Amino acid sequence: MELSRLFVSDTCFFSPPIRCSPSPALSTFFAVKNRRSRRRSSFCSASNPDTLVAGGAAVVAGAGEKHEEDLKSWMHKHGLPPCKVVLKDKPCPNDSHKPIHYVAASQDLQVGDVAFSVPNSLVVTLERVLGNETVAELLTTNKLSELACLALYLMYEKKQGKKSFWYPYIRELDRQRGRGQLSVESPLLWLKSELDYLSGSPIKDEVIQREEAIRKEYNELDTVWFMAGSLFQQYPYDIPTEAFSFEIFKQAFAAIQSCVVHLQKVSLARRFALVPLGPPLLSYQSNCKAMLTAVDGAVELAVDRPYKAGDPIVVWCGPQPNSKLLINYGFVDENNSNDRLIVEAALNTEDPQYQDKRMVAQRNGKLSVQVFHVYAGKEREAVLDMLRYMRLGYVSDPSEMESVISSQGPVCPVSPCMERAALDQLADYFKARLAGYPTTLAEDESMLTDDNLNPKKRVATQYVRLEKKMLHACLQATTDFINQLPDHTISPCPAPYAPLLK
């Protein structure tokens, strides 16, 4: 379910100056198809970045928005108690779109102070969307992810325009346009040519696979429409796949993905929530411990550090690697202690001793196809862990295998030439991965000094640069192990059944 369950936690933070990019061709994330037309060619979109498309009618926000109620005022009007935050503007250089809003302290705050408490009546959850907790659990267990259901609900709400209770919140999401506080849209919304910025990295294929998973969810939308009584009663004639194109759904999905909150210790139907004043209006930081928390009848945020009036409020993103941060939220964290690479090693199934090796691997907590996580700053430990696994794969003499089976612990007796062969295979693997990128680490670092670098290319370059740094560290650790061998004149032994790396 990993591909369909796109969210694991809240959003996070990266430190370089804000850079925003143009949004996708369809300019608002909840644009809808004109109800009077069922033809696929008639999906509504807006050419003006300040246009809000709702229910087939265009409402130009522009100057007229000054007379409309802002998000926080609307929330106070509908039950938000007095709070200690304000909404501020953060301009986007070189961007024609309106400034991004962010939540800041309205007064000095101390550790433990509650910045705001949003009542459940202003929180969007599946329980609210589907009107029935049992239906919510059934749908998300068997058909759709929580994000798909939430995206569908808000797309329907947007069709009502200003008649929708959620109009001020949807307008705020449109203003945000799926952008993180300090970055660009998720790569899910990039053009194919822009995805080439990620060439050489496994994340490029991950983005494509994620889009395919979203398309599968799109194809199931009609099912949720029929099963969810609340949606059916409000929109009895608007079959989802006729009302919304896949591209519109994908944009809405990405926008919801960037702001959904994963609540703890609540029912399944309430665990994923859209919280006005929450993401993406909050700032994000990886070393923060403050989280939006479900309390009696509300979702509140207690701060984990002192703030001066005007400071942006920050929250924690959870232990996510940069690949998750980039795909889910469109940014990377340069100082992310949870960042990691994945290396997959597999015992050779053609090896006559495969079953015995598989048994030994399992006895030591490993699998016949083992995924190794290489964490930033801990590359040497990861290489050593891989080497132990590789040694098992290189054992070829039946008597040595018997010795391994009867021994305790992960140590496999290998000859010096086998040790050199295993290390050489690891070194060649890391070199091959580095050679797969169109640019070198030095070229990436030079590129990032360009202040006029395309924002999407900048965040992509930051990402692949961090990957390359980990791969270089792995290669260096492997080289160090080779240099520690007692006899460098020994040639690597041939290994007809060497483990497979990818």
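Which residues touch the most other members of the largest nonpolar core? They are Phe116, Ile313 and Phe430, in a core of 123 residues. A nonpolar core here is a set of buried Ala, Val, Leu, Ile, Met, Phe, Trp, Tyr and Cys residues joined through side-chain atoms within 4.5 Å, buried meaning under 20% relative accessible area with a 1.4 Å probe and protein chains only. Helix α18 supplies the largest share of this core, 11 residues. Because domain 1 (69-327) and domain 2 (338-499) both give residues to the core, it lies between them; the domain bounds come from an automatic or database assignment.

The model is predicted: local features need pLDDT of at least 70, side-chain atom pairs count only at pLDDT 80 or more, and totals for chains, interfaces and linings use all residues. Residues are numbered from 1 along each chain as its sequence is written, and side-chain values use heavy atoms, without hydrogens and water.

Strand β13 (residues 340-346) runs antiparallel to β14 (residues 369-375), joined to it by 7 bridges; isoleucine 342 has histidine 373 as its bridge partner in β14. With β15 (residues 500-501), β13 pairs in the antiparallel sense over 2 bridges, and alanine 346 is partnered there by leucine 500. Pairing requires at least two DSSP bridges; strands are DSSP E runs of at least two residues and helices H or I runs of at least four, numbered from the N terminus.

Ile342 is also among the residues nearest the centre of the largest pocket, along with Pro202, Ile203, Glu206 and Ser323. Domain 1 and domain 2 each give at least three residues to the lining of this pocket.

Technical notes:
On a 1 Å grid over the protein atoms alone, a cavity is a set of points where a 1.4 Å probe fits but cannot get out, and a pocket is an open set with protein on both sides within 12 Å along at least five of seven lines; lining residues have an atom within 4 Å of a point. Buried means under 20% relative accessible area, exposed over 50%, partly exposed in between (1.4 Å probe, protein chains only).
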